[in-house]
Amino acid sequence: MSTPTTTTRGPQARVAAPQPVSAVVTVAAKSPATYLAHVLALAKRSLIKTWRTPEALIDVTLQPIIFLLMFTYIFGGAITGGSQHEYLQFVLPSMLGIGIAMAGVAIGQNLNADIEKGVFDRFRSLPIGRSAPLVGAVVADVGRYLISCTVTLVTAMALGFRVQTNAVATLAAIGLAVAFALCFCWISVWVGMKVRTPGAVQGSMFLLVLPLSFVSNAYVPTSTMPSWMQPVADANPMSHLASAVRGLMIGGPVTSDLLWTLGWMAVLLVVFVPLALRAYRRRA
Amino acid sequence: MTYAIHAEGLRKRFGTTQALDGVDLAARQGTVLGVLGPNGAGKTTAVRILATLLQPDAGHATVGGYDVQRQPHLVRQTVGLTGQYASVDEDLTGTQNLVLIGRLLNLSARDARARAAELLEWFDLTEAAGRVAKNYSGGMRRRLDLAASLVGRPAVIFLDEPTTGLDPAKREEMWGVVRTLISDGSTVLLTTQYLDEADALADEISVIDHGRVIAHDTPDGLKRVIGGQRIEVRPADPTRLPEVRAVLAEITHAAPETAGRDRLSVAVPDDGAFAPIVARLAADGIAVHELSLHLPSLDEVFLTLTGRRTDDTTEENAA
């Protein structure tokens with residue numbers, strides 16, 4: 001029989017005697033500052049995950065490039081009657097805005113896959129705000145929006161696009177699009193909490209996003225649409241977002257579309273954040 | 001005596017499945033309560049309710065003196081949970097996993113890193129600390145999972161089937177870890193499908209079946225009911241079975257039973273009869289393929305307690 005010291009290694013070797021839990025976790029994590037700290041820690045986790053799975057970035061890297069090339073060189077000439085450059089000036093701002101909003105669609109898919117893996121059970125068993133894991137994931141999504149934005153702008157510049165206002169207005173346009181995406185993505189979060197598989201999230205979001213982005217003034221002037229469709233397209237939040245971004249980057253009236261966009265953002269938050277949080281709580 | 005874990009009449013239904021049908025559990029402070037049962041008995045559901053992940057349909061439970069339904073936040077500050085399936089983040093390294101938990105428990109960045117390093121060393125994961133958990137072995141993942149549940153030095157620890165799927169050597173290693181936790185004064189609720197595991201670790205055992213507690217006792221008390229250990233012999237030459245039967249009967253003063261093909265089994269109160277049997281078989285020149293001393297399997301426990309075998313068909317729970 002060997003002596004215990006020769007066979008014992010690892011866990012038994014060094015014991016850190018657990019103290020009463022109160023020694024470490026003192027305050028109930030209810031203050032806004034601790035909540036924010038938890039959200040940022042969880043956002044960092046999401047960013048690390050994104051960094052480790054670069055293939056999950058295809059929708060914000062290759063996809064915008066392909067869309068931009070397709071629209072400019074296949075439809076552009078036909079829509080403007082010959083000038084692809086003219087179309088690029090028209091379409092880029094809306095592509096930028098809508099592209100960023102579209103980047104928010106993947107989050108529900110990612111969360112749906114994530115939540116099945118058990119790590120969310122651990123988050124639920126910790127004394128943190130219930131919504132912190134979801135809000136953390138949403139905050140980290142800003143990284144993806146900025147990638148989409150950069151890729152689209154750089155590609156467009158290379159194709160000959162030029163901003164006609166100034167840097168401040170352009171930054172405001174990007175900020176507006178990112179803020180809109182942060183509100184829009186809660187639809188995807190909600191769907192991600194409701195359906196069973198990541199594929200189902202993608203499928204249902206596709207059905208929402210496709211008409212939403214095309215029945216708008218983003219790619220063609222709504223005056224060419226049938227009369228019954230025009231009011232729908234004009235009321236579409238994507239039209240307001242596209243017009244606001246276009247105004248900020250190319251010039252023209254901005255105020256009305258900006259206010260409409262902000263209004264839609266508020267509606268999205270008020271409706272879908274509570275729905276998403278409730279669905280998350282029920283999915284225990 | 002105060003109970004660190006106390007549950008009364010817990011009921012939970014998933015669709016048509018009554019996962020818990022009035023479960024009472026109690027663990028005194030600083031002890032290990034073993035919850036023994038087959039798949040689908042309701043063990044995981046009970047743990048999830050006690051860890052505030054699920055709401056019971058009926059019943060009442062306190063953990064560390066806090067009500068799991070009315071004071072969930074305080075319960076969450078008290079418990080550490082290690083799931084049936086290692087719930088670590090596979091895309092994060094060992095260190096990143098533990099630091100994240102530390103940050104969520106309001107440790108400063110420096111303290112979280114120090115605590116992570118301490119736990120990684122304790123669980124023999126220092127070398128793997130910078131590697132992504134996806135590439136860990138099953139045993140390493142379990143250890144990281146357990147480490148993650150200990151970051152906040154919880155007073156009450158839930159271990160939901162901590163050794164299911166581990167090979168025997170890793171099981172022993174995990175048992176060693178659990179024993180250390182106990183010696184440090186934590187209260188542990190351990191669910192398991194193995195009587196030997198509950199016997200090795202628990203101060204008291206609740207046997208659970210179809211959402212009900214069907215027996216509660218100390219390991220020794222339970223073994224008295226279910227007949228202690230068994231010696232099984234399979235001679236190399238089946239024609240010598242009668243001789244083996246005679247030897248077993250003579251030494252144990254009990255009637256050996258046929259346990260499967262060419263195999264005899266006899267109940268013994270302790271391991272005292274084992275050495276004489278080995279010596280006698282050797283002296284008689286009877287070669288054996290198999291000779292073992294073991295605790296009854298879960299199946300045998302259930303046969304004794306309920307008169308039927310476990311039906312391992314239902315899922316553990318629907319969630």
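A crossing of two helices is right-handed if the near helix is turned clockwise from the far one by less than a right angle. In the predicted model, α2(A) passes α7(A) in such a right-handed crossing. Helix α2 (residues 32-52) of chain A packs against helix α7 (residues 132-159) of chain A at an angle of about 55°, and their axes are 7 Å apart. The two helices, α2(A) and α7(A), are therefore oblique to each other. On the side of α2(A), the contact includes Tyr35(A), His38(A), Leu42(A) and Thr50(A), while α7(A) contributes residues including Ala132(A), Pro133(A), Val139(A) and Gly143(A). Eleven nonpolar and five polar residues form this contact of α2(A) with α7(A), and no charged residue takes part.

Helix α3 (residues 62-80) of chain A and helix α4 (residues 84-103) of chain A cross at roughly 140°, their axes coming within 9 Å. Accordingly, α3(A) and α4(A) are oblique to each other, and their crossing is right-handed. Among the residues that meet are Phe67(A), Phe71(A) and Ile79(A) in α3(A), and Tyr87(A), Val91(A) and Met95(A) in α4(A). The contact of α3(A) with α4(A) comprises ten nonpolar residues, six polar and one charged.

The largest nonpolar core holds 149 residues, of which Ala177(A), Ala181(A), Val189(A), Val245(A), Ile5(B) and Leu50(B) touch the most other members. Helix α8 (residues 167-194) of chain A supplies the largest share of this core, 17 residues. Residues touched by Ile5(B) include Leu25(B), Leu33(B), Leu50(B) and Val156(B). A second, separate core of eleven residues includes Val247(B), Leu264(B), Val268(B) and Leu281(B).

How values were computed
Residues are numbered from 1 along each chain as its sequence is written. Chains are lettered from A and ligands numbered from 1 in the order in which they are written. This is a predicted model: local features need pLDDT of at least 70, side-chain atom pairs count only at pLDDT 80 or more; totals for chains, interfaces and linings use all residues. Axes are lines fitted to C-alpha atoms, for helices over the stretch in contact, and angles run from 0 to 180 degrees between N-to-C directions. Helices (H or I, at least four residues) and strands (E, at least two) are DSSP runs, numbered from the N terminus. Angles under 35 degrees count as roughly parallel, over 145 as roughly antiparallel, 65 to 115 as roughly perpendicular and the rest as oblique. Two residues are in contact if their C-beta atoms, placed from the backbone, lie within 7 Å. Ala, Val, Leu, Ile, Met, Phe, Trp, Tyr, Cys and Pro count as nonpolar, Asp, Glu, Lys and Arg as charged, and the others, Gly among them, as polar. A nonpolar core is a set of buried Ala, Val, Leu, Ile, Met, Phe, Trp, Tyr and Cys residues joined through C-beta atoms within 7 Å. A residue is buried if 20 or more other C-beta atoms lie within 10 Å of its own, exposed if 12 or fewer, and partly exposed in between; C-beta atoms are placed from the backbone. Lists of a residue's contacts leave out its neighbours within four places in sequence.
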